[in-house]
Amino acid sequence: MIKMKKIMATGVAMLILGSAAGCADNESASPSENTVIKDEKAPSKVSNSYENTKDLMKKFPVVNPTPIDTELGKDIQNRLLNGFENWNRGYDAWKAWGDILYTEDSLYNVHGVKLTLKEYQDSMNAMLKASDIQMGNFNNMIVSGDWTAIRYDISTINRKTSEAVDGSVMEFVHFKDYGDKLGTRVLEGWAGTKGADFAGVSNFQTEEEKAAQQAALEKIINTSIPDTSNLEEKYPVAYPTPIDTEMAKKIQSAILKDFDNWNQGYDAWTTWADTYYDSNMQYHTGAGTMTLEKYKDAVKDAAESADVKRIYFDNMLISGDWAAIHYRITNQDLTTGEKTAGDVMQFLHFVEDGNGVKVVESWTK
């Protein structure tokens, strides 16, 4: 159905805890041209205390808080806050922080491109040659199990023109408590979805890595949606996290039904949309905000040129009345027949409605 590029803007994605994900253009994405950006004002010592959460929460508040009630969850929260603090102190502080936050085996997916730690650092450095990035508020910090999904504000300043642009970023990050003095660190993260700069970021990969990544995309393209009425089996979650409250189960059920109705075509989905979305729902994309009726119109328009199928979830994190989902799609051009694979990130705010739930606001990339 809907051609994602028509209603979603990838934007500038930022890598976890204060690193930039993405490049201004293919030229700046070339790893052969990297020159480390030094910030002479950066402090020699990074912020790395597990005891400073309350102080940093005042500096980087969470606009839409949800429960964080496990020790691992609190450690993840602290890592996120310290990451923002170190990023805003300058490049040197961020680089030193990276030695604490990551291991040599950590991976980061930048706009759909899977990078090793070294490749990720190179991509960040290349981007910083063109832009200065400052972190703002967290709009969401959803923690479930050893995963987090965050949506936050940034300000990007062009180093040549001094033009400042405000934006927002979505990330999904998998943590592990290693039990050593460094404690909780990143296993793998995803920042931004596959977009126009996919080829540019891929320049940081080896040829073998590019081939492996293309094979992974082909696997998604060739995935068959199971023929079953069990929606949890039909649309599996690659990295499941706890769904253990009644509200969470209602939200999970509604999201799965949304997938299933979407895949049945526009007519089925548009009827279902009145059940899934509140009549006053606001649907936010990088291109602007739509009402429910405008969103339906956009879906109908896009369905005339492309058939998009929702395949499976990478993540479905639910906490309180919020959900963050990262999922895989296939997009078939109805004129050429070409079929490609992509991904979508979405944050959803629900309210209870009788025995079910409705979406009152959505943010999508």
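Let's begin with the salt bridges: there are 14 in this structure, each one a side-chain nitrogen of Lys or Arg within 4 Å of a carboxyl oxygen of Asp or Glu. The model is predicted, so local features need pLDDT of at least 70, side-chain atom pairs count only at pLDDT 80 or more, and totals for chains, interfaces and linings use all residues. Residues are numbered from 1 along each chain as its sequence is written, and side-chain values use heavy atoms, with hydrogens and water left out.

Select E352 and K250: their closest N and O atoms are 3.1 Å apart. E352 is in strand β13 and K250 in helix α9, so this pair ties together parts 102 residues apart in sequence (helices, H or I with at least four residues, and strands, E with at least two, are DSSP runs numbered from the N terminus).

Next, pick D258 and R310, which meet in a salt bridge at 2.9 Å, N to O. D258 sits in helix α9 and R310 in strand β11, so parts 52 residues apart in sequence are tied together. Are these two buried or exposed? Both D258 and R310 are buried (under 20% relative accessible area; exposed is over 50%, partly exposed in between, with a 1.4 Å probe and protein chains only).
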